[in-house]
Amino acid sequence: MSRETLAFMFVLAGCVLAFFHESLLGGKILSPADVLLVEASFRPLAGPEFEPRNRLLMDPVLQFQPWLEFNRAMIREGRLPLWNPYAGCGVPHLANGQRAVFDPFNFLAYATTVSGSLVWMAAARLWVAGLGAYLLAKAWRCEFWGRWFAGLSYPFCGFLVVWLLYPVTPVAIWLPWLLLASNRVIERPGARAAGLLAIVVALLIFGGHIQTSAHALLASALFAAWKLRDFSNAVCSRRKAFAAWAGGTILGLLIASVQIFPLGVYLTKSPVWGDRQRETKAWWSLARPRLLDA
């Protein structure tokens, strides 16, 4: 590892520390829990004139943080959280991809407490996103200022910050790593490069938002197609490079099948799925199942 990369890692850590200083150093909890005080059950605690800082941040408090707490409770009991008996009359838990049971960052909460780990999880995610963007820019042979700008701007871009407490950011942070792994496996195809790509693909799926994962995988496929189109490596053939990239991607999806298969089965139980299957198809449309359904 070069001195420049080490220096960047420390500078990025300082930026992340400054961004989350109120929670990392000031003792605050990174949670918009004040939105609960506008609910009828908690309104007397705050008074009728109370207004939370952001009413739109209701989902993290009502869904994602309680799900994380449930994950933690089950994992610490040595059980896989397959079923949640506390929602409605009981619902599948693991099959809902947004629970992100296997997201490695969530293991910080499993090992400690949810309230105390929220900021560390967020900080670690943005640090990983910035390091990935820096390494990707470096692999693309950007100049010094270009790669530093990429690495320091990506983790604090509007998309990642707005969706920080949602399952979207935990997936999007892996996009630079996915492109970096794809770039490496095409330039130097081999079992090790394909294995690294498979790990990144699996982490992408485990992040908890299958739609963003699909977008990232589509971007990876487009990048691989562009890269292979201008392929000029005399050491190996275009076919070998494509096989390594495709093999790594498929292996990653197989690793993540522990999350994909339950989600797929759960989706087929949705009434929306049945409504789509009963739709009247135009004569020019694709045969069932439609491409988007697949």
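## Ser-182 and its neighbours

Leaving aside residues up to four places away in sequence, Ser-182 touches Leu-197, Ser-220, Phe-223 and Trp-245 (contact means heavy atoms within 4.5 Å). Ser-182 sits in helix 10, residues 175–187. Helices here are DSSP runs of H or I with at least four residues, strands are runs of E with at least two, and both are numbered from the N terminus.

Is Ser-182 buried or exposed? Its relative accessible area is 0%, so Ser-182 is buried. Buried means under 20% relative accessible area, exposed means over 50%, and partly exposed is in between, using a 1.4 Å probe and protein chains only. The side chains of Ser-182 and Trp-245 are also joined by a polar contact of 3.3 Å. Such a contact is a pair of N or O atoms within 3.5 Å; within protein, one must be able to donate a hydrogen and the other to accept it, and residues adjacent in sequence count only if both atoms are side-chain atoms.

## About the model

This is a predicted model, in which local features need pLDDT of at least 70 and side-chain atom pairs count only at pLDDT 80 or more, while totals for chains, interfaces and linings use all residues. Residues are numbered from 1 along each chain as its sequence is written, and side-chain values use heavy atoms, with hydrogens and water left out.

## Helix 13 and its partners

Trp-245 brings us to helix 13, where the buried residues are Ala-241, Ala-244, Trp-245, Ala-246, Gly-248, Thr-249 and Gly-252. These buried residues pack against helix 10, helix 11 (191–206) and helix 12.

Helix 12 (residues 210–229) and helix 13 (residues 238–255) pack at about 170 degrees, with axes 10 Å apart. Axes are lines fitted to C-alpha atoms, for helices over the stretch in contact, and angles run from 0 to 180 degrees between N-to-C directions. Helix 12 is therefore roughly antiparallel to helix 13 (the term applies to angles over 145 degrees). Among the residues that meet are Ser-220 and Ala-224 in helix 12, and Phe-242 and Trp-245 in helix 13.

## Two loop residues

Ala-100 has a positive phi, near 50 degrees, without being a glycine. Ala-100 lies in the loop between strand 2 (91–92) and helix 5 (107–111), and counts as buried at 5% relative accessibility.

Arg-141, also not a glycine, has a positive phi of about 65 degrees. The loop between helix 6 (114–139) and helix 7 (144–153) holds Arg-141, which is exposed at 66% relative accessible area.

Notes. Angles under 35 degrees count as roughly parallel, over 145 as roughly antiparallel, 65 to 115 as roughly perpendicular and the rest as oblique.
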